[in-house]
Amino acid sequence: MEVNKIIVGGKIKRFSLYRVFEHQFVMITFAILVITGLSQKFHEYGLSQWIIIKLGGVDTVRLIHRSTGLIFALITIFHIIVASVGVVFHKWQASMVINRKDFTDAIDNLKYYFGITDQPARCDRYDYKQKFEYWGVVIGGLLMMATGFVLWFPTFFVKFLPGEFIPAAKAAHTNEALLAFLVIITWHLYNAIFSPEVFPLDTSIFTGRISVERMKHEHPLEYERITGESLEHKPQGEESSTKQKPGPSD
Amino acid sequence: MLSRFAFLFKLVLVIFCLCFPAESIAVQSTPSGTADLCLGCHSNKDFTAKLKNGEDLSLFVNKDLLENSVHNMLDCSGCHSGFSPEKHPSRILENRRAYAASGAAICKSCHTTFRTDLHGRMVKAAEKSGQYCVDCHGAHTVQPVSMQELSEPKYCLGCHLNKLSMTFKNGEKQSVQLDHMILKASVHNKLYCTDCHFGFSPEKHPIRQFKSSRDYVIASSESCRRCHFDKYTKTLESIHYSMLSHGNMKAPVCVDCHGAHSIGRAGQERTVSAKRCKKCHREIYKTYSSSVHGSALFVDHNQDVPVCADCHRAHNIEDPRTFDYREKIPGMCGGCHANKELMDKYGLSTAVLQSYLQDFHGITLKLYKKQKDAGNKITLKPIAVCVDCHGVHDITPTTGPKSSIVKANLVKRCRKCHPDATENFPDSWISHYKPSLQKAPIVYTINLIYKIFIPFMMVGLILQILLHIWRYVVNR
């Protein structure tokens with residue numbers, strides 16, 4: 001393999017420009033949705049009321065929330081179409097699909113954290129943490145879209161749904177929003193910013209490129225696959241007694 | 001001969017009175033000789049005469065009071081001319097009033113001028129009013145004016161108990177006759193007339209000209225604010241005052257609701273309060289009377305239920321069509337319906353207020369209020385509040401045969417803002433119930449799942465983060 005073509009300036013291309021923009025859009029729409037949505041959920045707090053008044057009132061806030069939600073929905077749907085078309089017609093590797101190895105990786109990592117093993121799980125293009133977040137955004141996003149539209153057009157949906165579905169949609173929307181918000185501000189921000197491995201910021205989703213060191217460390221299986229190099233015998237910490245089996249790459 | 005002598009005597013007496021102040025005379029003299037003779041009979045307490053109408057007229061004269069009276073230097077015949085130890089003509093008068101009238105005639109023979117014009121008018125009108133000198137000043141007990149305990153109301157009522165009326169420029173007439181009993185029963189029974197009718201006094205009785213009786217009523221209401229200034233300032237914010245200031249003379253003023261001389265005590269039977277509004281708002285009163293609150297008030301005499309003034313206030317009555325008023329409605333209803341002690345009496349839930357306030361509409365309403373307070377200029381939609389579903393004046397019970405009205409109201413009300421609402425759309429409002437397995441099982445289940453799932457997820461993720469950091473530190 002032409003390793004020199006893949007590694008440019010110590011970095012490997014990880015994301016296409018489409019993915020970079022996609023993330024930017026999701027990031028911005030998510031932030032706007034959180035601000036305009038949670039200020040309605042927590043309407044009793046002074047900060048929420050301050051935000052609502054500064055944005056021009058609750059009607060304006062709802063308008064912003066719904067329009068942003070619409071953009072978010074379009075991005076998500078487009079993403080799903082692109083992914084489906086890619087996998088089905090262009091034989092893309094379905095690297096986000098959760099498989100058995102993700103569960104064993106998670107257990108292996110836990111073992112590593114507790115000091116039972118000396119090596120962390122060897123992951124492919126996306127590790128189980130990233131898959132967890134990805135599916136969280138996709139499934140959570142679909143749930144938010146569905147319930148969001150029900151709340152936006154209650155009279156339309158009540159034509160073929162029982163009335164109770166409206167408050168039920170509200171319950172799901174508001175709870176899921178809180179869950180998503182909490183996961184993002186703890187888990188995602190830790191992994192993308194505060195984790196000592198990436199601090200001060202994991203820039204790969206913004207530049208589309210990742211350093212060879214991080215690639216070898218975080219995605220060894222993918223590195224081996226694209227470069228043809230084997231990392232097994234490379235001196236990486238202590239010699240491991242429990243060697244990881246290279247799992248199936250998809 | 002005798003009458004000439006009497007005239008001379010009176011003349012001397014008048015000159016004498018003018019020369020000496022009343023007090024100096026009072027001390028020095030006692031009733032003269034003939035008085036003792038007269039009192040021989042007239043000091044008998046049971047001495048009476050029968051009048052033509054059958055009434056008994058006491059002829060008793062209290063000697064002590066006579067001696068202390070301002071007229072103590074007069075001989076009995078000084079007033080009772082024609083009577084003397086020698087002559088005692090027999091007169092039988094029609095009734096007591098006739099007797100008082102004859103007494104007044106005696107007074108007027110000496111007292112020809114009066115300190116005030118009003119007094120002159122009173123004396124002149126005595127014939128018509130039936131109020132004679134002796135009615136105020138007494139007969140044998142006449143005191144110097146400075147010492148008389150002649151209370152002012154008594155003075156005014158001297159005329160105003162009688163059929164008097166005033167005429168306005170437009171030809172309307174209004175009675176200015178007073179019923180003494182009404183005045184006594186009023187909460188103001190300790191006040192003097194002039195406390196309210198300022199500008200008037202026993203000395204002054206200005207003649208005022210009003211265009212109409214309504215003008216007079218409105219002007220009279222100005223009196224109230226001298227004491228009830230707090231209430232008066234509240235009325236300045238009221239819709240009634242605003243109507244009045246825009247030239248609607250029919251708008252009610254103090255006396256229209258409270259009455260004038262008949263002002264009752266506050267906190268009396270609540271029907272009284274409701275009935276005041278009825279004078280103008282007849283239709284609404286009718287509707288209210290058949291509502292759950294009105295029928296409890298009028299049929300069961302329940303004093304817990306709200307009357308007009310509880311929601312609309314008594315003095316600072318707002319325009320109920322404004323956003324500001326609408327915004328206050330949940331609080332108004334909540335005033336009673338969130339009061340546990342009160343609602344327990346009727347087995348009603350107090351969760352109604354919070355369940356509304358925490359719902360979409362309640363939140364929107366509250367945020368609108370905040371926006372308005374913050375000075376945001378935006379169009380505020382008429383958010384549904386309690387009265388939109390439950391009725392305004394025609395509030396119906398939510399259980400029993402009339403409860404279907406609430407449901408019917410609901411669809412109608414939803415359609416005001418959600419024009420394409422179907423019949424089952426109101427079901428999307430799970431009433432005032434807290435979601436439960438019985439009332440809203442889907443909502444309840446979703447909430448329950450997240451209640452468990454969110455903490456579980458968060459604890460798991462945070463533990464992983466901590467483990468990761470710990471491992472990283474250990475590795476270094």
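What area is buried between chain B and chain A, and what percentage of it do carbon and sulfur atoms give? I looked this up first in the predicted model. The buried area is about 4,300 Å², and carbon and sulfur atoms give 66% of it.

Contacts. I found 45 residues of chain B in contact with 46 residues of chain A.

The rule finds 16 residue pairs in polar contact across the interface, both residues at pLDDT 80 or more. I then asked which elements give two or more residues to the side of chain B that touches chain A. They are α24 (360-373) and α27 (441-475) of chain B. The largest share, 20 residues, comes from α27(B). By class, I recorded 25 nonpolar, 13 polar and seven charged residues on this side of chain B. I also looked for salt bridges, and the rule finds two between the chains. In one of them, the side chain of Lys159(A) meets that of Asp420(B) at 3.9 Å, N to O.

Confidence. Helix α2 (residues 17-41) of chain A has the highest confidence, at a mean of 95, whereas helix α1 (residues 3-6) of chain A has the lowest, at 68. Over residues 234-250 of chain A, pLDDT stays under 50, and the model has 23 contacts beyond four places in sequence for this stretch. Where pLDDT is low, predicted coordinates should not be read in detail.

Notes:
Residues numbered from 1 in each chain as written. Chains lettered and ligands numbered in written order. Predicted model: local features only at pLDDT ≥ 70, side-chain atom pairs only at ≥ 80, totals over all residues. Heavy atoms only, no water. Contact = heavy atoms within 4.5 Å. Buried area = accessible area lost by both parts, 1.4 Å probe. Salt bridge = Lys/Arg side-chain N within 4 Å of Asp/Glu carboxyl O. Polar contact = N/O pair within 3.5 Å; in protein donor to acceptor, adjacent residues only side chain to side chain. Helix = DSSP H or I, 4+ residues; strand = E, 2+ residues; numbered from the N terminus. Nonpolar A, V, L, I, M, F, W, Y, C, P; charged D, E, K, R; others polar. pLDDT = per-residue confidence, 0-100.
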